[in-house]
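Here is a short briefing to read alongside the model. It starts with the overall fold and then turns to a couple of backbone details.

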Amino acid sequence: MDTAPADDRPDDQRQQVRSSYAEVQASAEFGELRGAHRSFAFPLTIAFVSWYLLYVLLSNYAGDFMGAKVVGHVNVALVFGLAQFLTTFLIAWWYSRHAATKLDPRAEAIKSRMEERS
Amino acid sequence: MSFQQLAAESASDNRPLIITLFAVFVLATLGITVWAGRQTKDANDFYAGGRQFSGFQNGLAISGDYMSAASFLGIAGAIALSGYDGFLYSIGFLVAWLVALLLVAEPLRNSGRYTMGDVLAYRMRQRPVRTAAGVSTIVVSIFYLLAQMAGAGVLVSLLLGITSEAGKILIVVLVGVVMMLYVTIGGMKGTTWVQMVKAVLLIAGTLLITFLVLLKFNFNISDLLGEAAKNSGIGESFLEPGLKYGLNATTKLDFISLGIALVLGTAGLPHILIRFYTVPTAQAARKSVNWAIGIIGVFYLMTIALGFGAAALLDRDAIIASNKSGNTAAPLLAEEIGGGPDSTGGAILLAVISAVAFATILAVVAGLTLASSSSFAHDLYANVIRKGKATQKEEISAARWATVGIGTVAVVLGVFARDLNVAGLVALAFAVAASANLPTILYSLFWKRFTTQGALWSIYGGLISSVFLVLFSPVVSGKETSMFPDVDFHWFPLENPGLISIPLGFLLGWLGTLVSKEQPDKDKYAELEVRSLTGHGAH
């Protein structure tokens, strides 16, 4: 059982399908889809991982700052931790909106064209 | 009268109630499992639950799969004893989901079929990479299983007042048998429904305790924190980072190591990844991660009330006396908040929360066993041993036998692991997953030049280095809290190996690719990239 779809096709047909994948991969339309995903997901990943690491490093090496009181017994560390929750929710929402408007329509168009052809 | 005697006595008073609740949960879920088993007809049903779950259902099941004994018992205990430092677990466990959402969930759903190995081996030579993926899946799952079994042992000895070795072993065996029944009979469908039921129970139970704790403090969080700081006997520094990890330069490095392992581990956990195959499309996979982030996020917010509530309302020495690493803080808090050890309210809440914790463990253990037995059957048996010539029936039958085998291993290890820190153990599984699996997943999906040799170096390098470092860490030997406290062969100073092994996994994948003689399979990469982004040809 291979990972490729419909393995029971004869070899020449399989070769055809594979070269059509290479064609699609090289097309401008697919380039746009890939670009729309990577240019959004990669920088955002670097951003939220850095933001999280900032929190970890501050906890370690900026004890006085993190221990400063904000309101009552609530200190900067707790606010920082809660901010991580908030940014996680916001990034999830933001990515999903991006995916629904910029990725899904492009992906759907390419997919249905490929299905028509085969 | 010592606290332990008290706990044992109050537990023995409630024993019928607790056993009844446990039994109701086990019987109800076994009923669901049998029902699901009747609808499990082919490999697609067994491995992927027929791929017909909705985004919301899968989000609930992911939450049930993810919020383990580590999240519930472990984090509550870590906060109750180490204050703010315990809260890092909650934050890391949640933020980690963004890696899964942005980079892994959708491409994996589009291009894989049943296991993590499907995606890892997609562009590569099948047999060596599938072997590596299968081995890594089983090792990560066993680390994780160990933590759950330790949690089960701790919980049951507290609740049922079972102190004899034979009694504890019997309980671990019982957990093992129930989990094997879930997986062999119900497959992915049964496991998914058990996880959904458990998620609802866990959220409801945690909401109830959180509400009651906050009610005690008139919903004033500042007062709750202040009382926790005072009652812990530690003062304001209880609320600040550094109580556990701020001691010296080494513990600070350990904190960074733990932080990195948590945030990068989730997207490499096989039992989480296979959940994405249970929905029909990439959009549904995205939706399920969003639901999971919402549900898990709310749950982790409530760990503040659980952990600091336990610190505020319970005697610190009593928490430690009950379990050295605080694993029983949540059920003890439930008992206290219900009116104390001698009250009916306390007895009922303790029983309810314990049953919830028991359900939590069973559901997670089932997910882990399913992931490892699926990988054994699909990656190792069907594709490597039988070279793709096994029938569906043979493959499923191999998965069922693997379930029995892995369940047995888990039971044997669980008997030995009872006294270990549950959240810390799970963090080790995260470190191994982030070192061995995540680099290859990301390189495979996004790096054109990546080769079979790169994948093998990365998987084996990350796997061996992380397990090796754990073996020679204070987790295993040399400390009072170690697995073997009486011997000392540790030389690696950190408890979590992530700081070294995760960069090493990424580095080896890159290096192995650069020095490999074979060219990457361009056509296969085109196929993977087009399929993963468009959903064309998705199973």
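Chain B holds 21 helices and zero strands, where helices (H or I, at least four residues) and strands (E, at least two) are DSSP runs numbered from the N terminus. This is a predicted model, in which local features need pLDDT of at least 70, side-chain atom pairs count only at pLDDT 80 or more, and totals for chains, interfaces and linings use all residues. Residues are numbered from 1 along each chain as its sequence is written, while chains are lettered from A and ligands numbered from 1 in the order in which they are written.

**Overall shape and packing**

- Chain B is as compact as a globular protein of 539 residues, because its radius of gyration is 22 Å, close to the 24 Å of the globule rule (taken over C-alpha atoms; the rule is 2.2 Å times the number of residues to the power 0.38).
- Along the principal axes, the C-alpha atoms of chain B fill a box of roughly 70 × 55 × 45 Å.
- Of the 539 residues in chain B, 66% are buried (20 or more other C-beta atoms within 10 Å of a residue's own; exposed means 12 or fewer, partly exposed in between; C-beta atoms are placed from the backbone).

**Backbone details in two loops**

- Most residues other than glycine have a negative phi.
- Asn218(B), not a glycine, has a positive phi of about 50°, and sits in the loop between α8 (165–216) and α9 (221–231).
- Asn218(B) counts as exposed, with 8 C-beta neighbours inside 10 Å.
- Lys387(B) also has a positive phi, near 55°, and lies in the loop between α15 (344–385) and α16 (392–416).
- Lys387(B) has 11 C-beta neighbours inside 10 Å, so this residue counts as exposed.
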